[in-house]
Amino acid sequence: MQQKFREYFADSSLLFISLIWGSTFIVIKQTVELFEPITFVGLRFSLALAIMMVFCYFRRELFSIPLLKDGIKLGFTLFLVFTFQTLALKYATATEVGFLTGTYVLFVPILSAVFLKKNPHLFSWIGVLLSAAGMLMITVADSISLSGGQILALANAFFIGVQIILTDKYSRKYDAMLLTTVQIGVVAVMSMLYSLMFENPDFSQLKHPFVFWSLLFNATVATVFCFFIQTAMQKYTTPTKAAIMFTMEPISSAFFSFFIGGEVLKLKQYMGAAFIVIAILVAELGTYFRLRRKLP
């Protein structure tokens, strides 16, 4: 019973942070229209790192060289995620990027089986297929073609899949607070190096109220809070189920893109969103039956 509750709580936590992350797509899109995209990522993660360092001071005895090495791998992957995602938002709509990002649900079960030797449960595979069908209904237009921004969003989706797999592997070995801090630190450093080499930011734009509050929200809530929750909770569920929970992110993105940015979906796309919700319910049903068999 305790295991069942713990897995349901972990799934609910991942679902909650996916809703938060979804809300940031339209906010970040409007921000990068005023500010250099990767510089914004660098500032976001630098502020998040400063906050995390305060908490990590009291857990410094748990720090180790293996944690640092694995945290750097996780951080480099996360840097690729945010580089592709933020650049995609510059060239495609927030709704498009949000839903194409959700295609990582296709990559995770394959990566999980190959690298972690974790074969997804039948209900998880059904959930993946339903999610994929939902994604196709949402993203495929009358003429099937991909823009540059959409290709960047798909690259982002692949590396999110890698990040979910690495998080599953490393979160079981290390302290969640320290591991989160290392990966945030790596993203901060690499983003600022990218900014110095390839961008020409106008830091006076930080005085713009929208840019300032966007930076503050994304650094504190969408980075510090959400990535700590992911690192702490994902080890209590499976990578495939985590990916299915995260497919609520594009639905959240579409919701906020409509109310903030005025982006409207077609009926077929709303039907696709319904498929994704059903996929989550099917995956949770699989958890119920799997744990029920284990109980005496």
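**Exercise 1. Describe how helix H3 and helix H8 pack in this predicted model.**

Step 1: find the geometry. The axes of H3 (residues 65–91) and H8 (residues 176–198) come within 7 Å. They cross at roughly 50 degrees.

Step 2: name the arrangement. Roughly parallel means under 35 degrees, and roughly perpendicular means 65 to 115. H3 is therefore oblique to H8.

Step 3: The crossing of H3 past H8 is right-handed.

**Exercise 2. Which residues of H3 and H8 meet, and how do they divide by type?**

Step 1: list the H3 side. It consists of Leu-67, Leu-68, Gly-71, Ile-72, Leu-74, Gly-75, Phe-76, Leu-78, Phe-79 and Leu-87.

Step 2: list the H8 side. Here stand Leu-178, Leu-179, Val-182, Gln-183, Val-186, Val-187, Met-190, Ser-191 and Tyr-194.

Step 3: sort the contact residues of H3 with H8. There are 15 nonpolar, four polar and no charged.

**Exercise 3. Find the cavity space in the model and describe its lining.**

Step 1: count. The structure has one cavity of 30 Å³ or more.

Step 2: size it. The largest cavity holds about 190 Å³ of space.

Step 3: list the lining. It has 17 residues. Nearest the centre lie Trp-21, Val-81, Ile-160, Phe-227 and Glu-249.

Step 4: Two or more residues come from each of helix H1 (2–32), H3, helix H7 (148–170) and helix H9 (209–233).

Step 5: sort by type. The lining of the largest cavity has 11 nonpolar, four polar and two charged residues.

How values were computed: Residues numbered from 1 in each chain as written. Predicted model: local features only at pLDDT ≥ 70, side-chain atom pairs only at ≥ 80, totals over all residues. Heavy atoms only, no water. Axes fitted to C-alpha atoms, helices over the stretch in contact; angles between N-to-C directions. Helix = DSSP H or I, 4+ residues; strand = E, 2+ residues; numbered from the N terminus. Parallel < 35°, antiparallel > 145°, perpendicular 65-115°, else oblique. Left-handed = near helix turned anticlockwise from the far one by under 90°. Contact = heavy atoms within 4.5 Å. Nonpolar A, V, L, I, M, F, W, Y, C, P; charged D, E, K, R; others polar. 1 Å grid on protein atoms, 1.4 Å probe; cavity = no way out; pocket = protein on both sides within 12 Å on 5 of 7 lines; lining within 4 Å. Points joined across faces, edges and corners; volume = space filled by probe spheres on them.
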